[in-house]
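Dear colleague,

Here is the structure I promised to pass on. My notes on it follow below.

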Amino acid sequence: MATERRAGAELLGLQPPPRDEGNKELFPAPPDNVQRRGAGELSYNEFYWQYMHHNWPVIITDVSTSWECQQWTCSNGDDNANANDTTNTAHIDFDYLRGRIGDCPVPVADCNATYFNSHAKVELNFHDYLSRWQGRIESAGEAEVNSNVARKTDDNLYLKDWHLAAQMPSYDFYKVPKYFASDWLNEQLMEQKRDDYRFVYMGPKDSWTSYHSDVFGSFSWSTNIVGHKKWLIMPPGEELKLSDRLGNLPFSINEQLLDEHKVNYFTINQTANEAVFVPSGWYHQVWNLTDTISINHNWFNACNVPLVWRNLLSNLKAVRREISDCQQMDNFEAHCQTMLRASFGINYLDFIELLEFIAARRLAALADSSTTTKFLLFDTYKMSDYHVKYDLECLRKLLTLMLQDASVQQSPAQLLERCQRLLSQILV
């Protein structure tokens, strides 16, 4: 995150949720569907209160028009192509990608192979991956023209979870849309130059992501640069209708399975230049109906950090149950925290450090208003005064909740004292 103001910083103009004369919210929960909203008419304030605050998905159009990564594609030359027609899409510019990005190792999932309820993972060099992808496209084209020509490869390799932005920090290939800029998770990780949750996905037609909800119970956003994706997505709790007698969820789903189990779900058809906002706890599965490239983030903020805390607490309880026969061992609680980090991705110590980081930046902004011109998110956005205060108010409520939990009182690393100290700083 930047520490100095860049010219033309854009304001995240969060204001108190507007109400009518009867004190009714003017941004109620959306109707029972997934709306499409244009970036030109959807304000940050409306997105925050109507979608993030209510934990409801939305598709935002026209978000990536000016991104440099549009150079990763080349037009198919058909100016009259229907954007919703999966047979008429832009193509991948493999030569541009090879010239712009070095031949670095990249993480790849084999969509034709499973390993412990996940797609099998391999590591390839980027240019090798592009060559295999390009060969798959050419092979499919030859087979379509001449039915006697066999496909040269049965590869179905999906480049996923690639930290390209961290790997090439000088390459500004995209801009985080303003709607997703209040991002506590990446704010801390980027400032401290640690691992982040910013990803590039590249995959051929028919590659896919298995049924899941996002890490930590975070939000996610996914913007298509090129291609067409199909999503099946459902509100929290609907996934329980699919669990077996042991509580296990399926690896893959389809409409027939969901209908048989009377699951309430939505189908999203996402095309290029559209961002899908995935709320916390919404299980989903995604298919690439064409060759596709997307930019994706996971994140949380004041809207969903209480849910992240509940998930952290729930996972700690699961760890304790798993090793309950070792409760008499020395440093049992510390051992549980080690296992929690390994299984969930963060533990109590990581969580309180993040809260301390966010609080310190917000408190500094309040103490000296001039710091709000230096406190930039993704080098681009500054927060309104109300936004800063609202973040702190949500932190206060969360810390009050945490201090009531017995696991915090028993936790190592002086978590109780740190929560108390942080709460006292916010209340000053």
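**What was found**

Of the 428 residues in the chain, 51% are buried, where buried means under 20% relative accessible area, exposed means over 50%, and partly exposed lies in between (1.4 Å probe, protein chains only). Please note that this is a predicted model, in which local features need pLDDT of at least 70, side-chain atom pairs count only at pLDDT 80 or more, and totals for chains, interfaces and linings use all residues. Residues are numbered from 1 along each chain as its sequence is written, and side-chain values use heavy atoms, with hydrogens and water left out.

**Overall shape and surface**

The C-alpha trace spans about 75 × 55 × 45 Å along its principal axes. Among contacts with a separation of 6 or more, 76% are between residues 24 or more positions apart, a contact being heavy atoms within 4.5 Å.

The accessible surface is about 19900 Å², and carbon and sulfur atoms hold 47% of that (Shrake-Rupley method, 1.4 Å probe; for residues, only the protein chains shown count as cover). There are 39 positive and 55 negative side chains, with the centres of the two sets 5 Å apart. Lys and Arg count as positive and Asp and Glu as negative, while His and the chain ends are not counted; each charge is placed at NZ of Lys, CZ of Arg, CG of Asp or CD of Glu.

**Secondary structure and annotation**

The chain contains twelve helices and 17 strands. These are DSSP runs numbered from the N terminus: helices are H or I with at least four residues, strands E with at least two.

An unreviewed UniProt entry carries the annotation "domain: JmjC" for residues 165-316. Its positions are given in the numbering used here, feature names are shortened, and annotations may be inferred rather than shown by experiment. That stretch is 19% helix and 32% strand, and its end C-alpha atoms are 32 Å apart.

**Two residues**

R418 belongs to helix α12 (residues 415-427) and counts as buried because its relative accessibility is 16%. Beyond its neighbours within four places in sequence, R418 contacts L349, I352, E353, E356 and A413.

S75 sits in the loop between β4 (73-74) and β5 (91-92). With 56% relative accessibility, S75 counts as exposed. Leaving aside neighbours within four places in sequence, S75 touches A90 and H91.

Regards
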